[in-house]
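Open your viewer and get ready to click. This tour goes from the whole chain to a few side chains and back out.

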Amino acid sequence: MWLAECIKQAGNWFTFVAAYAVITELSAANVATHTALFLICRRAPYLVLFPLTGLAADRLNRGALLVVVCLLQGAVSFSLPLVRFYGKIELLYPLVLLQYSAQAFYDPARMASVPLVVPPKYLCVAGSLDMFGLALMALAGASLAGRTAAVYGTDACFRVEGVCFGVAALLLLRLAWHISTRQGAPGEAAGGPHAKDAVAGLREPLLADAAAEAAAVVVPVGEHEAPLLQARQSQDHDAGGSGLFGFLGALSFMARRPNWDVAVLVWAKATGAMVWGAADVLNGRFTTMPSMHGLGDRDQTLGLILAGVGLGAVAGPLIANGLTPGIARFWRISLATGFGLLLLGYTLMSLATNIWYVLPATVIRTAGSATIWCHSVAVMQHRLDDSVRGRVLAVEFLLFTASEAGSTLFGGFALDGLGWSTCRLSATLAVLAAALGAVWTVHAVAMWRDDEEARKRGFVADGPPPPPPPPPPPPEEGQPRRAEYTEG
């Protein structure tokens, strides 16, 4: 799954670079307008299709869904050269819209599949690995795509992306096969080769009345396992209903009092995006300021800033994972810490007079945003039952996409429309990070106290559940059988 995602990300950069080149070639007079339309076509499907994407992730074989999406996206990639062949930029938008409509189905299904193949205590490590792959592909894929477009043309870039999607589909076939062969196995949740261990075996009710509002589950603690988040019993398997409107199960699930913590957690990435969404606008403005060209021209300055983004995206989750054990109670604390890093980064950025301020500020800021991303995803992945996970994650994608777009628009309007300086915008984002960090700190403390209270009441065990009592011994020879003992 990780290799498939890396290859897909590399291919996406080829089309991203080639699309900009085609837009410049075919619509030189309206480059900004057509670029905006191109970016809207990449984001709009997440906002429009989220009810269906989450439902598909919960109702279909996720591995097969990922394979079909990759094949469809590959077919679109091989069709993109038609835009330049006919010389009509209008052909670009329906093709991109179709490609990212398929991608909107891919993301929730993939994120919902991770807990089926990754032990719960390593979920944040898996997120960090994804972040590392994303940063690596951004660095290598973008540079290689630019070189390919310059030497071989944009059509070659589109074809390379199509091949990448095909390779990703081949890599994902094993996941699809495992899920299809394990579905319906006795005592195993349908969904993947590790569904029994990751969903059922790791969530055994401690009390007979676990359906009560405050009930929780216990998790075995063995050589390769660690205590996990208190997951309140919520009857997840009946959360979604069935049929076309099964996506409403995500909303009804979060509306139940035992699941209000999930209703709060779906806002983690969205609130983070409110702060970091305007960062790209700031980076673009920094590259145009002569005072920031101490290490090179505009292109070199942008390259250095992007390198700082990649370094922070890798270093932040790695350090956070080393400081926090594989227990979700601590991951909530790291969410608040991530907003603290955003506050520190933007504060330093508001004082920037040259590139030597911007680079460390970028690393610190990105470390915070990457930590929020990885640890919020990890908490959601093992807090949610497999039957509703895809739909809840689709709602999270919706909130995140809308929040990030709003923050980006605000950043552009503040700099261009209101005439704000980079200092003022950075300081405003720092204040916003401080306010949101305080909110998530209160949430982490409240949930920690709630967990401790549940432990005192005996709802959560720090170790494995006690073994069941041994069966009564068979009667001795010549002795009558006890009434409560029967054959078998």
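Two residues are in contact when heavy atoms lie within 4.5 Å. Keep that in mind for the whole protein. Among contacts with a separation of 6 or more, 78% join residues 24 or more positions apart. What you see is a predicted model.

**Whole chain.** Switch to cartoon view. The protein has 18 helices and two strands. Of its 488 residues, 50% count as buried. Now show the surface. The protein exposes about 22,000 Å², and carbon and sulfur atoms supply 67% of that area.

**Stop 1: Ser369.** Select residues 355-383. This is helix H16, and Ser369 lies in it. Is Ser369 buried or exposed? Its relative accessible area is 11%, under the 20% cut-off, so Ser369 is buried. Next, look for its partners beyond four places in sequence. Ser369 is in contact with Trp276 and Leu342.

**Stop 2: Trp276.** Move to Trp276, one of the contacts of Ser369. Trp276 has 10% relative accessibility, so it counts as buried too. Now show the aromatic rings. The whole structure holds six aromatic pairs. One of them joins Trp276 and Phe400. Their ring centres are 6.4 Å apart, with 50 degrees between the planes, and the pair is tilted. Where do the two partners sit in the chain? Trp276 is in helix H12 (residues 268-276), and Phe400 is in helix H17 (residues 389-417). They are 124 residues apart, so the pair links distant parts of the chain.

**Stop 3: Phe400 and its cluster.** Select Phe400. Its relative accessible area is 6%, and Phe400 is buried. Ring pairs link Trp276, Trp373 and Phe400 into a cluster.

**Stop 4: Lys269.** Show the side chain of Lys269. Which rings does its charged end sit over? One is Phe397, with the charged end 5.0 Å from the ring centre. Lys269 also lies over the face of Phe400, at 5.7 Å from the ring centre.

**Last stop: confidence.** Colour by pLDDT. The mean for the protein is 75, and 76% of the residues reach 70 or more. Which elements have the lowest and highest mean pLDDT? Strand S1 (residues 204-205) has the lowest, at 30, and helix H4 (residues 62-79) the highest, at 92. Then select residues 459-466. Here the pLDDT is below 50, and the stretch has 25 contacts in the model beyond near neighbours in sequence. Finish at residues 480-488. The pLDDT is below 50 here as well, with nine such contacts.

Conventions. Residues numbered from 1 in each chain as written. Predicted model: local features only at pLDDT ≥ 70, side-chain atom pairs only at ≥ 80, totals over all residues. Heavy atoms only, no water. Helix = DSSP H or I, 4+ residues; strand = E, 2+ residues; numbered from the N terminus. Buried < 20%, exposed > 50% of the residue type's maximum accessible area, 1.4 Å probe, protein only. Phe/Tyr/Trp six-rings, centres within 6.5 Å; stacked < 30°, edge-to-face > 60°. Lys NZ or Arg CZ within 6 Å of the ring centre and 35° of its normal. Areas by Shrake-Rupley, 256 points an atom, 1.4 Å probe, with all protein chains shown as cover. pLDDT = per-residue confidence, 0-100.
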